Amino acid sequence: MGIKLQQVSYAYSMGTPFEKYALFDVDLTIPHGTYQAIIGHTGSGKSTILQHFNGLLKPSKGQVHIGDRVIAAGKKAKELKPVRQKVGIVFQFPEHQLFEETVLKDIMFGPMNFGVSEQEAEQRARELIHLVGLPEDTLNKSPFDLSGGQMRRVAIAGVLAMDPEVIVLDEPTAGLDPRGQKEIMDMFHALHKERGLTTILVTHSMEDAARYADKIAIMHEGRCVLNGTPLEVFADAETLEKYRLELPHIVRFQRKIEKLMNKSLSKICLTEEELAAEVA
Ligand code: ADP
């Protein structure tokens, strides 16, 4: 399932003295099966755009196409339930939303709420607990007896249990240690590759965007100022400078990267070791 924003503007508190536009004429097409990153500084409109991906917010102007549904200003947002099921959002610190007595019940809660049978929901939970890298006996534990990283994985399993066609990740690794961050990002990348899951990553991390995404959109003051492949985005030094965006590895190894850019690189964001191996 793909998502398309056409000329989307959004104002908070529309029609009141506190009216504030957070998005201006955003055009963004995310085709089915794409891994799209959205980057930008705080206040650039990332959270606002994210909430348009499953109808949590309705555009003040323009249209949002989610699969075959259209959400537009003035149009009644009816039947959003199927959209909510198909577009799973992993919000920042999703573990704060855990509440059931056991991990099993927590993972089963979403699908059962959407009419999935108990048997099917339990089967999904048993499969997903492995997928998120936790042992099966975690299912019988209280979510509150787990570590922060484990809780995050349980919360992610809960979103995946809805069997979404699109997954939206809002800074999914915030607060995790570097190893945990890489494991979670690699897991989503594998899901994207193996299941063709359309993946939208909202992040501050230029490195994650460069490493994992097919396309990177840059938000700046409520506008989508650029959307391209990592190579296109990072080759555009002028734009990066204009919007004060830095990619540490690119900056640090600028010359070597430039040399490498003549070759076709599968990844443009490399660790120091990978880069050393490439240029050796
Ligand atoms: P980001 O996620 O990139 O930090 P946001 O989408 O949260 O950006 O914010 C975009 C703009 O909208 C900011 O100027 C912010 O102050 C404003 N904004 C966000 N939420 C609200 C709100 N509930 N009411 C009024 N203004 C808001």
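Reader: Why is Glu 171 called partly exposed rather than buried or exposed?

Author: Glu 171 has 18 other C-beta atoms within 10 Å, and a residue counts as buried with 20 or more other C-beta atoms within 10 Å of its own, as exposed with 12 or fewer, and as partly exposed in between, the C-beta atoms being placed from the backbone. Because 18 falls in between, Glu 171 is partly exposed. This is a predicted model, in which local features need pLDDT of at least 70 and side-chain atom pairs count only at pLDDT 80 or more, whereas totals for chains, interfaces and linings use all residues. Residues are numbered from 1 along each chain as its sequence is written.

Reader: Why is Asp 25 called partly exposed?

Author: Around Asp 25 there are 14 other C-beta atoms within 10 Å, and therefore Asp 25 falls in the partly exposed class.

Reader: How do you know what span to expect of helix α6?

Author: The expected span of a helix is 1.5 Å times one less than its number of residues. Helix α6 (residues 178-195) has 18 residues and reaches 26 Å from its first C-alpha to its last, close to the 26 Å expected.

Reader: Which residues of α6 are buried, and why are they said to share a side?

Author: The buried residues of α6 are Ile 184, Met 185, Phe 188 and His 192. They cover an arc of only 95° around the axis (the arc of the directions from the helix axis to the C-beta atoms), which puts them on the same side of α6. On the other side of α6, Arg 179, Ala 190, Lys 193 and Glu 194 are exposed.

Reader: What makes the shell around the ligand count as it does by class?

Author: Ala, Val, Leu, Ile, Met, Phe, Trp, Tyr, Cys and Pro count as nonpolar, Asp, Glu, Lys and Arg as charged, and the others, Gly among them, as polar. On that basis, the shell has 2 nonpolar, 7 polar and 2 charged residues, and its largest share, 3 residues, comes from α1.

Notes. Helix = DSSP H or I, 4+ residues; strand = E, 2+ residues; numbered from the N terminus.
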